Amino acid sequence: MVGTPHSAADDRPDPATEAFLAHRNLLFTVAYEMLGSAADAEDVLQETWLRWAGVDLGTVRDRRAYLVRVTTRQALVRLRTLSRRRESYVGPWLPEPLLTTPDVAEDVALADSVSMAMLLVLETLAPTERAVFVLREVFDLGYDEIAEAVDKNPAAVRQIAHRARAHVAARRPRRVVSAAETRYALDAFQRAVETGDLQGLLDILAPDVVLLGDGGGVKQAVPRPILGADKVARLLAGGWGKVAGSTSWRPAQVNGHPALIVQLKGEMDTVLAVRIDGGLITGIYAVRNPEKLSHMERETVLSR
């Protein structure tokens, strides 16, 4: 963030800056959950700051609510632009992964809401539905507050929230999966891939597993979703075997959940996140697009 003024007397930020910085992590989380892109969320925060800096604070009753409202409106504008941009995206599009702080995993609801699997479910919502769902289900805002943010009346917001909730419930995992369960599945997955153990992969993959790879046209990735345990297992067992000698794996906390970082010749190459249901891997998300890996270099603080 640039252009934030300070008080000349004590070098402390002025009241507008203090308020913005106090809520910055919350605002970033709102924008990221609506957009699935950290880079675009940062741009939304910059737009929010520019508007906030010109506000007469004496007219603002609730600074947090006001900032969330501005952030939501800016994210909605950008979300509609991104929808058009993603139509021409090369190959499957995946959310931008974040290396998250340990406290994100401790907040089960927050971790669930920013998981790769959930962000992909949110992608299936219309922009206003996504905003309403995020603000209501994740941040527990009142219908009146949400109505102001999305320029709808409270009754309409209630209907949108009900529709979005039902849509998400039909597509999300049946239950919350523990970190230990995810790590167990990832360990079994890694061992099987590294050794080319086809049966080991089939044992940990759900029959209807889907593999999505995001190279963004920059890095090689599967050009379309790969469906079914047999196809996914054979692809992984064969594909990684070709580069096994030059790759290394390390665990990481990505979007509030255990994940894997694959390094190729010492450089970060792929971030692998999974969706678990019933103890089996039902979704594998491999992000290789270098433009989406910048937030894997340092931890990102998220908050509700």
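## The sheet

Strand 1 (residues 205-214) and strand 6 (residues 280-287) run parallel and are joined by 6 bridges, and within this pairing V210 stands opposite G283 of strand 6. Strands here are DSSP runs of E with at least two residues, while helices are DSSP runs of H or I with at least four residues, and both are numbered from the N terminus; two strands pair if DSSP finds at least two bridges between them. This is a predicted model, in which local features need pLDDT of at least 70 and side-chain atom pairs count only at pLDDT 80 or more, whereas totals for chains, interfaces and linings use all residues. Residues are numbered from 1 along each chain as its sequence is written, and side-chain values use heavy atoms, with hydrogens and water left out.

The open sheet is formed by 6 strands in the order 2-1-6-5-4-3, with mixed pairing. Its edge strands, each pairing on one side only, are strand 2 (226-227) and strand 3.

Strand 3 and strand 4 run antiparallel and are joined by 8 bridges, with R250 standing opposite I261 in strand 4. The two strands form a hairpin with 2 residues between them, and N255 in the turn has a positive phi of about 50 degrees.

Helix 10 lies across strand 3, strand 4, strand 5 and strand 6, and runs at about 25 degrees to strand 4. Contact means heavy atoms within 4.5 Å, and the angle, on a scale from 0 to 180 degrees, is taken between the N-to-C directions of axes, which are lines fitted to C-alpha atoms, for helices over the stretch in contact.

## The second largest pocket

Which residues are the closest to the centre of the second largest pocket? Of the 27 residues that line this pocket, they are D112, S115, V176, V177 and H257. A pocket is an open set of points on a 1 Å grid over the protein atoms alone, where a 1.4 Å probe fits and protein lies on both sides within 12 Å along at least five of seven lines, and lining residues have an atom within 4 Å of a point.

## Salt bridges

The structure holds 17 salt bridges, each a side-chain nitrogen of Lys or Arg within 4 Å of a carboxyl oxygen of Asp or Glu. In one of them, the side chains of R86 and E123 meet at 2.8 Å, N to O. R86 lies in helix 3 (residues 63-86) and E123 in the loop between helix 6 and helix 7 (127-138), so the pair ties together parts that are 37 residues apart in sequence.
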